[in-house]
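Student: I would like a close look at one part of this model, with the cut-offs stated as you go. Please take a strand and its surroundings, and then the ring contacts.

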Amino acid sequence: MLRLFLTVAILAGTTAAPEAAEESLGTKIKKVFEATPTPTPARKHRKRATGKSTPSPSPTASPKPRKASPTPSATATVKKNRVSPARSPSATPKAKSKRKKASPTPTPSVTVTPEETPSPSPAETPQPSGTASHAVHPTPEKKAWPNVSLSPDEIAGYETYPPKVRQILNAGLELTKQNLGYSYGSADPTNGGMDCSGFLYYVLQQNGFSDVPRDSSQQYVWVRKAGKFNAVLSRKQDSFELDALKPGDLLFWRGTYNIDRDPPITHTMIYLGREKRTKKRVMVGSSDGRTYDGKQRWGVSVFDFKLPPPPTSGDAKISPVFVGYGRIPGLSEE
């Protein structure tokens, strides 16, 4: 019986041992399975979800677009693209490359500004009308021959002229010695030149004729109203219409240049008389191309007085025509 009891006990022990062994393996397996679910990395991934809050550096990136706000809007879109691929560092160099591509776009704006600067350059220095008129009319630099001046001794019968006439003519001849050019719109020798009516205006003003008009058309009206005008229709130098011509008379032309005015008088000068040397009629004033001794002169000078030939073109407005002459209103004959 003892043996039977021992065998039973041994058998029971052997059976209990595998169970204990089995329990130890089960616990190990449980531990293994417990290790797999326990991997806290899953929770770490959740912490990475908090890591998604890394856009917290984005506020630092946000001031950059504010600074770059003056730049074109294209750069703002590039910066938006830069915020989304914040995880991959490789995306950032692409954004830099986009900046470089976006940089040439502002350069045209820089080139546009110099193109605009010359445009205002301008309209604006060329505004005075006087400068434009100087460009139209010849300047003293264009004259081919020097201006001419005559002394009173070179004019036939000059000593017999009335004193007031000699005073006026002396003032005009003095201006011919100053090498003055033809300057359209000028009535002052200090400007370096004068136009035809400006010459007449200046000389008469300096000699007491304060009511003389400024332009040739109104000077013509001034003489006509005084009733001392002689019209000339002839083209001949020995026409009877010139018999009443006296030194100091004012001479008038139309058609020396194209202008719309009424009356259409465009040119005026002062008659001097006849030159002793040539016996030809001469006059004094300012012109942009009349001749003396067959040579063109520009500016304040002595010129030959002769009637222009008939117009060669169909447009009489641009062909010089001598209209007539008249005494200076208020001039004393004594």
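Tutor: The secondary structure of the protein chain comes to 11 helices and 8 strands, where helices (H or I, at least four residues) and strands (E, at least two) are DSSP runs numbered from the N terminus. This is a predicted model, in which local features need pLDDT of at least 70 and side-chain atom pairs count only at pLDDT 80 or more, while totals for chains, interfaces and linings use all residues. Residues are numbered from 1 along each chain as its sequence is written, and side-chain values use heavy atoms, with hydrogens and water left out.

Of the 334 residues in the protein chain, 33% are buried; buried means under 20% relative accessible area, exposed over 50%, and partly exposed in between (1.4 Å probe, protein chains only). The accessible surface of the chain comes to about 20,600 Å², and 59% of this belongs to carbon and sulfur atoms. These areas come from the Shrake-Rupley method with a 1.4 Å probe, and for residues only the protein chains shown count as cover.

The part to examine is strand β7, residues 295-304: 8 of its 10 residues are buried, so β7 is largely enclosed by the rest of the structure. Strand β6 (residues 281-292) pairs with β7 in the antiparallel sense over 9 bridges; two strands pair if DSSP finds at least two bridges between them. In this pairing V282 stands opposite D304 in β7. The two strands form a hairpin with 2 residues between them, and D293 in the turn has a positive phi of about 55°.

Two charges sit over rings here, meaning that NZ of Lys or CZ of Arg is within 6 Å of the ring centre and within 35 degrees of the ring normal. The charged end of K295 sits over the ring of W145, 4.9 Å from its centre. The charged end of R290 sits over the ring of W253, 4.4 Å from its centre. W253 also belongs to an aromatic cluster with Y271, F305 and F322.

The structure holds 9 aromatic pairs. Rings of Phe, Tyr and Trp (its six-membered ring) pair if their centres lie within 6.5 Å; planes under 30 degrees apart count as stacked, over 60 as edge-to-face and the rest as tilted. One of the pairs is Y220 with F252, edge-to-face because the ring centres are 5.6 Å apart and the planes at 75°. Y220 lies in helix α11 (residues 216-226) and F252 in strand β4 (residues 250-254), so this pair ties together parts that are 32 residues apart in sequence. Both Y220 and F252 are buried.
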